[in-house]
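Dear colleague,

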Amino acid sequence: MMALVTIYIDDKKIIANSEKTILEVARENNIEILTMCHLKGLTDVGACRLCMVELEGSPKLFSACTTKVAENMIVTTNSERIKRYQRITTELFFAERNHICAVCVSNGACELQNLGYKVGMEAIRYPHLFPQCDVDTSHPLYVMDQNRCISCSRCIRACAEVEGAYNWDMMGRGYQIRVISDFNTPWGESTTCTSCGKCLQACPTGALWAKSIVQGQQDKHPEFITDLMERRKMKL
Amino acid sequence: MNKKKLATVWLGGCSGCHMSLLDIDERILDVAKLADIVKSPVVDGKDFPEVDIALVEGSVTSDEHLAELLHIRKNTKTLIAFGDCAAMTNVTGMRNYFDLKDVFETSYVNSISNDQEGEVPDNPYLLRLHDKVLPLQECVPVDFVIPGCPPNADTIFYVLFEFLNDRTPNLSEAKKLKYG
Amino acid sequence: MGTTLREIVYDIGGGIQGGGQFKAAQTGGPSGGCIPTEHLDVKMDYEELMKLGSIMGSGGLIVMDENSDMVDVARFFMEFCVDESCGKCVPCRVGTKMMHDLLQKVCENKATQLDIERLEELAVYVKECSLCGLGGSAPNPLLSTLRHFRHEYDTRVQTVIKSENLVHQ
């Protein structure tokens, strides 16, 4: 049942629908909360931990994308602690895989790069892990480059929830997780992939890209996924 | 006002950052008013002298680079990591995903142009490569970082000019952050 | 509940095997903390253990004598957490691996002061930002050894990075 609640985000009083998450309410009111794994229209998983916010009365942090608003909730999104943690998360993203902006198709139009600029990251203070990663070029149209993957699972959710093809999935555990096609077979041999390209649009970095694109020419439109889901809801 | 001493150093990089430094064009005259470039790949100079500002391009790939960097750190007031290689290893670090032995064999033995006659050179006078390429801040404390591959000439000039006028630049506030 | 650690170790357990000196007890399984000698008289219950940076957890209890290397203990438990991390959220997936690698560096006497600072920062971050309880408690052995056995970290820190540590022998 829908109810209206009063919440305070960074001292701003907001009347909000109790069905909504903190992130949705904040975005509707032009309060910026950084995210990576969130894409409007897809189910939220709370995996990137960038959207952590402080709630008054609790020493814990909460992920804004998976926490629903409640009456008299007092939310802080921009404390020094939050900013520090956002920066560490960003640095860990860069240190985890092999993000070499200079040779990437997404250079200049990359959500991860923009995130770095937003948190003011000049250099990565942590040692890089430098894992050996595969590049799957077997698909006639697209490429999957594990080096640039941040494991946000947006491609997986787009494939399952929007296209309904269930081509992508996650394999392994810990720092060794990999996004796989079908049962870890080459993407080109997939029996489920419809080559619709929705995963490409959902991908925030240069991990998924079309072969027709050269370095620095990527132009992605993740909002297309959002738009599509909104239209479906309206039965257009 | 005393002129500051400026040095630029080229470690494991492609020299692209130095090219970008030259792209500050006539603004180099503004820099020259405030500083003398005492050591640089484009200036003749023997030993690394004591300087106020050092722009260090490239990452640390061998024991020679490390020794040089430690020497620079001792003799420099403000050490600036110059470019993506110095800041986060970038392209130079792409050999880090493999064993050093494999890297050597691929380039000296197995590459097609070697006609299967190549061998890994083993001369004591050659550089001794480290297992992993490291960014500068893994080896010594770094005072400032200019990312970018290469950094924009505008960004370089902005940072130099601020430091030469005894101010601390802020790339984030100046909206001049750029990787790649 | 409420029995002191000393009673458990010396009366119920029969003391340290081989006549060694008690150095630390690690409670609560791999994500618990280490309790040093000066807290031997702690009453074993949820609140008291929590105050020392440890937990009741699974109820496991590992007693160590003076031959134990506390940094290596922290590294060992972190290795377990790296393996157990599911990989969904960033702090736990990357943070545990990063902390493990840094602890390995300390164990091999290759770490610098910067690495200790990174460890401290990462430990608190992973604890507060992780999605589930595994990441939330994974840094406990690290945090408690940093708190009670700080000197074991500090004595191994190198002032200058050495070239021979970076070249394969």
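This is a predicted model: local features need pLDDT of at least 70, side-chain atom pairs count only at pLDDT 80 or more; totals for chains, interfaces and linings use all residues.

I begin with the contact between chain C and chain A, to which chain C gives 26 residues and chain A gives 27 residues. The area buried between chain C and chain A comes to about 2300 Å², with 61% of it from carbon and sulfur atoms. Of the area that chain C buries against chain A, 25% is supplied by Arg93(C), Met98(C) and Tyr125(C), which is more than any other three residues supply. Three salt bridges are found across the interface of chain C and chain A, and Arg93(C) takes part in a salt bridge with Glu96(A), at 2.8 Å from N to O. Between chain C and chain A there are also 16 residue pairs in polar contact, counting pairs in which both residues have pLDDT 80 or more.

As to where these residues sit, helix 3 (70–84), helix 4 (90–107) and helix 5 (113–129) of chain C each give at least two residues to the side of chain C that touches chain A. The largest share of that side, nine residues, belongs to helix 4 of chain C.

Turning to chain B, the contact between chain C and chain B takes 10 residues from chain C and 11 residues from chain B. The area buried between chain C and chain B is about 900 Å², and carbon and sulfur atoms account for 55% of it. Ile161(C), Leu166(C) and Val167(C) together supply 56% of the area that chain C buries against chain B, again more than any other three residues. Two salt bridges are counted between chain C and chain B, and Lys105(C) forms a salt bridge with Glu138(B), with the closest N and O atoms 4.0 Å apart. One residue pair in polar contact, with both residues at pLDDT 80 or more, is counted between chain C and chain B. The side of chain C that touches chain B is made up of five nonpolar, two polar and three charged residues.

Next, the aromatic residues, for which the count over all chains is 11 aromatic pairs. The ring centres of Phe157(B) and Phe161(B) lie 5.2 Å apart and their planes are at 25°, so this pair is stacked, the cut-off being under 30 degrees. Both residues belong to helix 6 (residues 153–164) of chain B, where Phe157(B) and Phe161(B) are four residues apart, or about one turn of the helix. Phe157(B) is buried, at a relative accessible area of 12%, whereas Phe161(B) is partly exposed, at 28% relative accessibility. Elsewhere, Phe94(A), Tyr117(A) and Tyr179(B) make up one aromatic cluster.

The last item is His139(A), which lies in the loop between strand 6 (135–136) and strand 7 (142–145) of chain A. Is His139(A) buried or exposed? His139(A) counts as buried, because its relative accessibility of 3% falls under the 20% cut-off. A polar atom of the His139(A) side chain lies 3.0 Å from the backbone nitrogen of Leu141(A). Leaving out residues up to four places away in sequence, His139(A) touches Trp187(A), Gly188(A), Cys193(A), Ser195(A) and Lys211(A).

With best wishes

Key
Residues are numbered from 1 along each chain as its sequence is written. Chains are lettered from A and ligands numbered from 1 in the order in which they are written. Side-chain values use heavy atoms; hydrogens and water are left out. Contact means heavy atoms within 4.5 Å. Buried area is the accessible area (1.4 Å probe) that two parts lose on being put together, summed over both. A salt bridge is a side-chain nitrogen of Lys or Arg within 4 Å of a carboxyl oxygen of Asp or Glu. A polar contact is a pair of N or O atoms within 3.5 Å; within protein, one must be able to donate a hydrogen and the other to accept it, and residues adjacent in sequence count only if both atoms are side-chain atoms. Ala, Val, Leu, Ile, Met, Phe, Trp, Tyr, Cys and Pro count as nonpolar, Asp, Glu, Lys and Arg as charged, and the others, Gly among them, as polar. Rings of Phe, Tyr and Trp (its six-membered ring) pair if their centres lie within 6.5 Å; planes under 30 degrees apart count as stacked, over 60 as edge-to-face and the rest as tilted. Buried means under 20% relative accessible area, exposed over 50%, partly exposed in between (1.4 Å probe, protein chains only).
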